[in-house]
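Please open the structure in your viewer and keep the selection tool at hand. The stops below say what to select next and what is to be found there.

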Amino acid sequence: MTMAPVPLRLVPFTVTTATYLLYWIPKYRSSPNDHESYHSVIAKCLPILCLCGFIISYTRNHPVTNYPQFILAGLIFSCFGDAFLVYGHTGKIYFLLGLLSFAIGHMMYTIAFGFNHLKLSVLLFCAPVGIITYIYLLPGLHGELYFFCALYTLLICVMNWGAISRVSLTDIKWPELCGSLGALVFYVSDLVLSINKFLYPVPHGYYIIMSTYYLAQLGISLSVVPTLSMKKLY
C-alpha cells in the first residue's frame with residue numbers, strides 16, 4: 001500500500017497549530033481566565049498529539065528500531081508538560097511538574113539521538129551557550145529554581161549536543177538536519193520562556209514561545225522520516 005507523502009501527513013499538525021496561534025492565543029489574551037481551562041489544555045496539546053500520530057505512522061519497518069519510539073516518548077512527556085504549564089500561574093508545583101515533564105522529554109530525545117556520534121566541537125559550542133544562559137537567568141531565580149533550572153539547562157544542552165552531532169557536513173541527510181534544527185529552536189523557545197518568566201516581559205513573548213516550540217517539535221518529529229522518504233516529499 002502506498003504511504004501518504006510527508007506534507008499530507010502533517011496537515012492535522014499544521015491546522016491545529018495555526019488554530020492555536022491564530023485563534024486560541026488571541027482569545028486567551030482577551031479572556032485570561034479562559035486560559036486555565038481544559039479547553040486550553042486540549043487546544044495546546046492537539047498539535048503535539050498530531051505529531052504523535054505522525055511518528056506512529058513511521059514506526060513500522062523503521063531502519064533504526066527504537067528511534068521513533070523514543071521520539072514518541074519525548075512528545076508524550078512534552079504533552080504532559082504543556083498541560084501542567086497551562087496551570088503554571090496558579091501554583092509553583094504545576095510549573096515544576098511541567099519542567100520535570102519536559103526534562104524527561106529531553107532525556108528521551110537524547111537517548112534517541114544516541115551517544116555514538118558525539119563531537120567535541122559541538123560540545124564546545126553547546127557548553128558555553130548553556131553556561132552563559134544560566135548565568136544570565138540567575139538574577140531571576142530563587143530557592144529550588146537554582147537547581148531545577150541548572151538541571152534543565154544541562155539536559156537541553158546535552159540533547160542539542162546529541163542532535164547536532166548527528167549531522168555530517170560531508171554527507172548531510174535531511175532527517176538529521178531537521179532534528180538538529182528542531183533541537184536548536186527548542187533551546188530558543190525555552191530561553192524566551194525563561195526570560196519572560198524570570199527576568200522581564202518579552203514583547204509578543206507567548207507568540208514567540210509557542211511558535212518556536214511547535215516548530216521545534218516538528219523538526220524533531222521529521223527526524224524519524226527515513227532518508228528516502230524525505231527525498232520523495234511528494
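Helices (H or I, at least four residues) and strands (E, at least two) are taken as DSSP runs and numbered from the N terminus. This is a predicted model, in which local features need pLDDT of at least 70 and side-chain atom pairs count only at pLDDT 80 or more, while totals for chains, interfaces and linings use all residues. Residues are numbered from 1 along each chain as its sequence is written, and side-chain values use heavy atoms, with hydrogens and water left out.

Begin with Asp-82, which is found in helix H4 (residues 67–86). Asp-82 is buried (under 20% relative accessible area, with exposed meaning over 50% and partly exposed in between, for a 1.4 Å probe and protein chains only), yet has no salt bridge, the nearest side chain of opposite charge being that of Lys-44, 4.3 Å away. A salt bridge here requires a side-chain nitrogen of Lys or Arg within 4 Å of a carboxyl oxygen of Asp or Glu. Leaving aside neighbours within four places in sequence, the contacts of Asp-82 (heavy atoms within 4.5 Å) are Lys-44, Cys-45, Ile-48, Phe-102 and Tyr-213.

Next, select Lys-92 and Glu-144, whose side chains meet in a salt bridge (3.3 Å, N to O). Because Lys-92 lies in helix H5 and Glu-144 in the loop between H6 and H7, the pair ties together parts that are 52 residues apart in sequence. Lys-92 is partly exposed, with a relative accessible area of 40%, and Glu-144, at 33%, also counts as partly exposed.

Then move to Arg-166 and Glu-176, where another salt bridge is found (4.0 Å, N to O). Arg-166 is in the loop between H7 and H8 and Glu-176 in helix H8, so this pair ties together parts ten residues apart in sequence. Glu-176 counts as buried, at 16% relative accessibility.

Now select helix H6 (residues 120–137), and colour Val-122, Cys-126, Gly-130, Thr-133, Tyr-134 and Leu-137, which are buried. They cover an arc of only 95° around the axis, which puts them on the same side of H6; the arc is that of the directions from the helix axis to the C-beta atoms. The face turned away from that buried side carries the exposed residues Leu-120, Ser-121, Leu-124, Ile-131, Ile-132 and Ile-135. To see what covers the buried residues of H6, display among others helix H7 (145–165) and helix H8 (174–199).

Note on methods
Lys and Arg count as positive and Asp and Glu as negative; His and the chain ends are not counted.
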